[in-house]
Amino acid sequence: MAQYLALENYAVDFQDYFPSMIARLGAEAFIVELCNGFRLLMDCDKGLITFESLKRNSSLLGLYDIGDEELVCMLLEGDLDGDGALSQMEFCILMLRLSPGLKQDRSMRWPEDDFDVSF
């Protein structure tokens, strides 16, 4: 089922593959894949997704004509500590939170609390 993400006058149509990825890979391997996505977008020197690294790598997301304001909104949506950038944990939390399919599937089993996502 396609979902729509609206950022004021900018709408992105996307297919939510997270539930099927988790079913196929398992929760731990899925988290590993999210962390791989984080590494694609991060600033290698800072170890964070910054405005500059997101702008530089936005084409990897298929966002060729996205404006600076939308990029800032994306960062602010997941920035839990207020530093203006996304850590790996903030990125993973944001991705999970934005998945409509995961919100609907309350039966999803996640790794134990001691699962380490600092690969």
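1. Start with Ser 99, which is found in the loop between helix 5 and helix 6 (100-104). Helices here are DSSP runs of H or I with at least four residues, strands are runs of E with at least two, and both are numbered from the N terminus. Because its relative accessibility is 2%, Ser 99 counts as buried; buried means under 20% relative accessible area, exposed over 50%, and partly exposed in between, with a 1.4 Å probe and protein chains only. Neighbours within four places in sequence aside, Ser 99 is in contact with Asp 16, Phe 18 and Pro 19 (contact means heavy atoms within 4.5 Å).

2. A word on provenance: this is a predicted model, in which local features need pLDDT of at least 70 and side-chain atom pairs count only at pLDDT 80 or more, while totals for chains, interfaces and linings use all residues. Residues are numbered from 1 along each chain as its sequence is written, and side-chain values use heavy atoms, with hydrogens and water left out.

3. Phe 18 turns up again in the packing of helix 1 on helix 2. Helix 1 (residues 18-25) and helix 2 (residues 27-41) meet at an angle of about 125°, and their axes are 7 Å apart. The axes are lines fitted to C-alpha atoms over the stretch in contact, with angles running from 0 to 180 degrees between N-to-C directions. That angle makes helix 1 oblique to helix 2, since under 35 degrees counts as roughly parallel, over 145 as roughly antiparallel, 65 to 115 as roughly perpendicular and the rest as oblique.

4. Who makes that contact? Helix 1 brings Phe 18, Met 21, Ile 22 and Leu 25, and helix 2 brings Ala 27, Ala 29, Phe 30, Glu 33 and Leu 34. By type, the residues of the contact of helix 1 with helix 2 come to 8 nonpolar, no polar and 1 charged.

5. Now look at Ala 85, in the loop between helix 4 (68-78) and helix 5 (88-98). Ala 85 counts as buried because its relative accessibility is 5%. Leaving out neighbours within four places in sequence, its contacts are Leu 48, Ile 49, Thr 50, Asp 79 and Glu 90. Ile 49 is 36 residues away from Ala 85 in sequence, yet the C-alpha to C-alpha distance is 5.5 Å.

6. For the whole chain, the tally is 6 helices and 2 strands, in the order β-β-α-α-α-α-α-α. Of the 119 residues, 33% are buried. Among contacts between residues at least 6 apart in sequence, 48% join residues at least 24 apart.

Terms used:
Nonpolar A, V, L, I, M, F, W, Y, C, P; charged D, E, K, R; others polar.
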